[in-house]
Every structure is written in C-alpha cells, then in structure tokens.
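Morning, everyone. Please bring the model up on your screens, and keep the sequence next to it.

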Amino acid sequence: MLRNYDDLTKLASQDVSALKRELERRFTELYGAASQPIQFFAAPARINIIGEHIDYNGGMVLPTAIDRYIYLAIRRRDDATINYDDIRFPGRFTFDITENFSYKKESDYCNYLNGVITIMKDRGVAFPTGFDALFFSCIPDGGGVSSSSALECCFIAAMSQLYGGNISPVDNALIGQETEHRFMNVQCGIMDQFIIATGRKDSAVLLNCATLNYQYIPLELGDYRFIVMNSNKKRQLADSKYNKRVAECKEGLEILNTALAAQGKKPVANPCSMTMDDLALLQEALKTNAPQTAAAEIIYRRMRHCITENQRVHQAAEALKSGDLKQLGQLMNASHQSLKDDYETTGIELDTLNQEANKTEGCLGARVTGAGFGGCAIALVHKETIPQFIETVGAAYLEQIGYEATFFECSTGNGAGPLN
C-alpha cells in the first residue's frame, strides 16, 4: 500500500493503471462509496522552448507539453455540495455549486476552480449537481512550468465531460486564460493554457498568439534532452512584476501608435507586429512622451525584446525543422540575455543557472522558461553528460545562491483530457 507523495509520484511515471487504482482507493477513503462512477483526468506541465513574454504581446511562441502531470479523480454528487481535496496538500474545501463565486484568499487554489465554474456558467453550461474532487500533482508548484494552468485545464476537461458544454481544446485554453484574468488578477497571455490543452507527444506547438493559428513542429532531439532546472525561488505572478510588464508594453504601443497617427500611418496591432523602423520611431517619441529618461529607456527595451524574441521564435522553429540543435541552443541563450537585459525578468537565481549550464560540457544552450522572477530554466543537454551536468550545475548554484536547485529530465506529453 502506498503511503506517501514520493511513492505516488514514482507510480505515476511507471504504471498509469496502478495510479488510477491508488487514486480510486484514496478517493473512496475520503468520500465514501456512491452509485456514480469515479472518473479520471490529467493535464501536463509545459516548458516554453522559446518566445517568452510575447504571448500577451501578440507574438509567436514555441512551447511543448512535458511528461509531468496533474491528476484528478472526480465524481458527481446528488446534491449541490462541492468538495475539493489534494493528496500533496491535504485539506478539504467545501462550497455550494449554486454560489456566486468571487476570489477569496482563504479559498487558496480553489479560486482557480471556482473561477472556471463561473466562466462556464456564463457560457451557458448548467451545473445541476455538485461533485467530489481529489487532485494529485507531479508538477513543481510555483516553479515556472505552469502548475496553475495545468490545474485549470485538467479541471475544465473534467467539467466538460461531467456537465457537457462540448468544450474544445482551444476553448479549454480560453476559459483558463479568462480565469486568470478575472479571478487571479494575472493578465497572462494564452500560451500556457493553449499548449497544456492542445499538446501532442513528440511535438512542439508554433502558436501565433494574436490569431491562435498554430502548427505542430516535430520535436526530434536525437541524443539531446531538455533538463528542467528549478531555482526553487517561489513567486506568485499576481504579486510579481508580471502585470507591470504588461502595462509597460501597453503604454509603449499607445505611444507608438500616436506617433504613427501623426505621420498619417496605420496603427500597429501589437508590439510583436512592430518593425525595426517602428522601434526607431518609438524611441524618438518616448523622448517627448516619457519625460523621465529612465522610464523612456525601460519602455524602449521592453518593446525591443518583443521584436527580437518574436524573430528568435521563427528562427528556432526553422532550426528544429532542419535538425540544427546547435542553432537552437544559441537562440535559447540569446533569448535569456534579452530577458535579462531588456525585459528584466530573470534575477540572480536564473542567471546563475544559465551561466553555469553554459559552462558545462554537453550543454548547447539554456534559458529561463516561463514568466521568470524565480521558477525554472531549461537546458538542452547531451544525454551522456546529464548526470555530470546536474552535479556540476547544482554544486555551483548551491555555492553561489545558498540553497539547492532541483533538476529533472523531461520528454514530451499529451494535452489535457481523460486519463486512459
């Protein structure tokens, strides 16, 4: 009989059928037996190979779903009660399905779930009964590989199957994004929810965040693997400078479009639609519209990152198509440098991981993945050097930062849906 979180995590990587049996056992211990069937769902974490902080700026991104999942066992009830519990962080939260939900700090992670229910109600989905739910996650919490988006997308897939609504993977992503905006006060882009909802094994997704047009790019790494390097510096996006970056880019776009209008030119739809000529015009306009030199320089650098990062995404997709992993690694390093200097979302922890990774044999490149301000970085490392890579980078990080980073090798995974 499995007793602890580590045992269950190991089981999840080895035997999905046995995992379902163990989840069912624990679910029944918590909630008792009932006539309704227990159903099982899963959603993956993600890494973004390249294209950071441009999803909400109308740019291209290149993420992939990875083989770390959040799992959900769920069963409809005959009354209006909702029960949530979690194996890793046990403690029952109880609500009523007829409530008009709003964000409450004491509701913790349930805010994401109740936000989803509210938005689905707004879309016309009926919830005649409540349910019992038990979560189990193998995804690092607050680590920058999108644990909250996986929670949302997994739950949306379950709600769609239990209560109808015919929610497509793209709709799943949009509901998750709206939950972040309305309930969590995080003005995020669509990338995290999109890749988690639509992910496909052995593929990355090249997504145009302005149009939601996307294509699958084969992710063939040969003898190389992605290593996730968790800085173990926790951050909450709503409490970080994430929303400030959104506001800075919005301000830059407004100043640019005012300058374009003065020249009788059409406005730019989003920062990633700018040309280098537009960026030069913005730089001149900022001298007038942002009286503080520091503020003008900051907005200019934010917008420069949008243009250059968008270009790197296109180049990275071509590098993957042609099997040029060396070029991919160079683009990853350039992306990290832009996020460090122009967008300022890295910090000493992630910069240390990037620098030490690139000193280590077998590493082609490394970069922050996710919003930054803590969380994770990724490195593209030859499979034969992975043990030495983890030992060397881990020791250097501990010496410089004072606490340990954690590492794991990942492969690709499938998107949110029933656990078969």
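Let me start with one term: buried means under 20% relative accessible area, exposed means over 50%, and partly exposed is in between, with a 1.4 Å probe and protein chains only. By that cut-off Ile49 is buried, because its relative accessible area is 0%.

Some ground rules. This is a predicted model, so local features need pLDDT of at least 70, side-chain atom pairs count only at pLDDT 80 or more, and totals for chains, interfaces and linings use all residues. Residues are numbered from 1 along each chain as its sequence is written, and side-chain values use heavy atoms, with hydrogens and water left out.

Now the whole chain. It has twelve helices and twelve strands. Its radius of gyration is 22 Å, close to the 22 Å that the globule rule gives for 420 residues, so the chain is as compact as a globular protein of that length. That radius is taken over C-alpha atoms, and the rule is 2.2 Å times the number of residues to the power 0.38. Helices here are DSSP runs of H or I, at least four residues; strands are runs of E, at least two; both are numbered from the N terminus. Along the principal axes, the C-alpha trace spans about 70 × 50 × 40 Å. Of the 420 residues, 58% count as buried. Take the contacts with a separation of 6 or more: residues 24 or more positions apart account for 73% of them. Contact means heavy atoms within 4.5 Å.

Back to Ile49. It sits in strand β1, residues 39-50. What does Ile49 touch, not counting residues up to four places away in sequence? The list includes Leu62, Ala204, Phe226, Leu328 and Ile378. Arg367 is also among them. Asn414 is 365 residues from Ile49 along the chain, and their C-alpha atoms are separated by 16 Å.

Next, Gln215, in strand β7, residues 214-218. Gln215 is partly exposed, at 37% relative accessible area. Outside four places in sequence, it is in contact with Ala204, Val205, Leu206 and Lys321. Ala204 is on the Ile49 list as well. Ser203 is twelve residues from Gln215 in sequence and 9.6 Å away, C-alpha to C-alpha.

On to helix α5, residues 169-183, which holds Glu180. Is Glu180 buried or exposed? Buried, at 5% relative accessibility. Its contacts beyond four places in sequence include Tyr112, Glu152, Cys188 and Asn185.

Asn185 counts as partly exposed, at 46%. Asp108 has a positive phi near 55 degrees. Asp108 lies in the loop between β4 (93-96) and α3 (110-122).

Last, a pocket. A pocket is an open set of points on a 1 Å grid over the protein atoms alone, where a 1.4 Å probe fits, with protein on both sides within 12 Å along at least five of seven lines; lining residues have an atom within 4 Å of a point. The second largest pocket has a volume of about 410 Å³. Of its 19 lining residues, the closest to the centre are Ala12, Val16, Asp67, Tyr69 and Tyr71. Which element gives the largest share of that lining? β2, with four residues.

Technical notes:
Points joined across faces, edges and corners; volume = space filled by probe spheres on them.
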